[in-house]
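Student: Hi, could you walk me through this one? I'd like to ask things as they come up.
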Amino acid sequence: MKVIEPHIHMIARTTQDYERMARMHTVACCEPAFWAGYDRTSPEAFYDYFVHISEFEPTRAAQYMIQHYCWICINPKEADDLVLSREVISFIPEFLKKSTVLGLGEIGLNLNTKNEMTIFEEQVELALEYGQLIWIHTPHLKDKLKGTRMMVEYLAGHGGVDPEKVTFDHCEEHTLKMVRDAGFWAAMTIYPVTKNSPARVVDALEIYGIDHLMVDASGDWGPSDPGTIHDAIFEMKKRGHREEDVETVFYNNPCFFLGQCEKFQLQPLQDRKKAWNGR
Amino acid sequence: MGKTTLGMGKGSPLDARKLLDMHFLDIRSALLETAAALDRIERAKGGKEVMGDSRISKLFAACRIITDTGATDRAERFLTLFSSPETGPLQVEE
Ligand SMILES: [Zn+2]
């Protein structure tokens, strides 16, 4: 079975992780632009980071026959500085032309501040102007519920946003329903302690169904592991789910969403209606 | 919102008895770790005072959610309990 990792920060991972992912049948991974663990000191630092994830990581991944894609943006944790954010936004279009860039991401909110929301809205407009997909970071822990609602309500009321082209990531039990009810894609992140466990991800699939849902491990510089997405595959099999449904969640669904960008090269193994059991 | 959730799931292919067999020891272990961690905190210097900390009250409230019978939204209510209020102005950082 082939696996696509929709969200991982390979810049923070070793080459050995690529090797492990290849052995676990990961055929593609996507790297959204995010915080480095410290605040960058200039727009140039972002520029270099974007070059790294759009040019260097694809060559590193290719050694293990993994296709590496990325998303470009000013991330929510550094978006409170309006001047810096707008300087970064000014050179994003240059990167959107690159062959491995899938769209704007991971844009969103961190502490739900006014400035973060302003920059979120400006990047949504940029995505619309350039016809790009959007990958959204929802806040952590106590800020998640409010921040998710703010963005769902904003995008649902916008009028010009096609929900099929937007994924809300890091969803949990208290935010999944509102994201899906508004017609957006939802992704669940398996991350120790602060996000989901493999078992809770499979619970969500059993409650809501397998359509419009993706699963990722969001591996980064914190305590995390690209292997956890494969733990969720094992959990889904252990709990008696059909092989085809497992394949849809971990391979076809990312193809359905990401394939809306013509640069994404992998093809789903079934059409959407069939894969989603007639939905 | 009020719309219907996109496609509903088909539930667990396994029955409740099988799931209990599968998860019983994991659940027991998670609750035991919780009991032991609370003991550790209360036993330590300043333990009596810290048991009045609002985070401890939240944890006890979460325990009450866990022991509700006839509910299938425990995880959602648990997470909502630990969420900031949804209303109120946007946070303005100085
Ligand atoms: Zn991320």
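Tutor: Happy to, and let's start with rings: ring pairs link Phe46(A), Tyr47(A), Tyr49(A), Phe50(A), Phe91(A) and Phe95(A) into a cluster. Rings of Phe, Tyr and Trp (its six-membered ring) pair if their centres lie within 6.5 Å; planes under 30 degrees apart are stacked, over 60 edge-to-face and the rest tilted. One caution: this is a predicted model, where local features need pLDDT of at least 70 and side-chain atom pairs count only at pLDDT 80 or more, while totals for chains, interfaces and linings use all residues. Side-chain values use heavy atoms, with hydrogens and water left out; residues are numbered from 1 along each chain as its sequence is written, and chains are lettered from A and ligands numbered from 1 in the order written.

Student: Got it. How many aromatic pairs are there over all chains?
Tutor: The count comes to 19. Take Phe120(A) and Tyr154(A): their ring centres are 6.2 Å apart and the planes are at 70°, so this pair is edge-to-face.

Student: Which helices do those two sit in?
Tutor: Phe120(A) is in helix α4 (residues 114-129) and Tyr154(A) in helix α5 (residues 144-158) of chain A, so the pair ties together parts 34 residues apart in sequence. Helices here are DSSP runs (H or I, at least four residues), as are strands (E, at least two), numbered from the N terminus.

Student: Is Phe120(A) buried or exposed?
Tutor: Phe120(A) is buried, at 1% relative accessible area, whereas Tyr154(A) is partly exposed at 24%. Buried means under 20% relative accessible area, exposed over 50% and partly exposed in between, using a 1.4 Å probe and protein chains only.

Student: Which charged end sits over the ring of Trp35(A)?
Tutor: That of Lys77(A), 4.3 Å from the ring centre. Arg40(A) also lies over a ring face, that of Tyr49(A), at 4.2 Å from the centre. The rule asks for NZ of Lys or CZ of Arg within 6 Å of the ring centre and within 35 degrees of the ring normal.

Student: Switching topic: what packs against the buried residues of α7(A)?
Tutor: They pack against α6 (176-181), β7 (185-189), β8 (213-216), α8 (228-238) and α9 (243-258) of chain A. The buried residues in α7 (residues 198-208) include Val201(A), Ala204(A) and Leu205(A). After the helix comes Gly209(A), with a positive phi near 95°.

Student: And what does Met188(A) touch?
Tutor: Met188(A) lies in strand β7 of chain A and is buried at 2% relative accessibility. Leaving out residues up to four places away in sequence, its contacts (heavy atoms within 4.5 Å) include Val201(A) and Ala204(A). Also among them are Leu213(A), Met214(A), Val215(A) and Asp216(A).

Student: Where is Ser218(A)?
Tutor: Ser218(A) is in the loop between β8 and α8 of chain A. Its phi is positive, near 50°, in a residue other than glycine, and Ser218(A) is buried at 4%. His25(A) likewise has a positive phi, near 70°; it lies in the loop between α1 (15-23) and β2 of chain A and is partly exposed at 47%.

Student: What about Thr26(A), buried or exposed?
Tutor: Thr26(A) is buried at 3% relative accessible area. It lies in strand β2 (residues 26-32) and touches Val3(A), Glu5(A), Met21(A), Ile66(A) and His230(A), not counting residues up to four places away in sequence.

Student: Where is the cis peptide bond?
Tutor: It joins Gly105(A) and Glu106(A), with omega about -15°. Glu106(A) is in strand β4 (residues 101-108) of chain A.

Student: Now chain B: how many helices?
Tutor: Four, and zero strands. Of its 94 residues, 14% count as buried.

Student: Which residue of chain B is in contact with Asn277(A)?
Tutor: Lys10(B) is in contact with Asn277(A), and so are Ile210(A), Arg242(A) and Asp245(A), leaving aside neighbours within four places in sequence. Asn277(A) sits in the segment after α10 (272-275) of chain A and is partly exposed at 34% relative accessibility.
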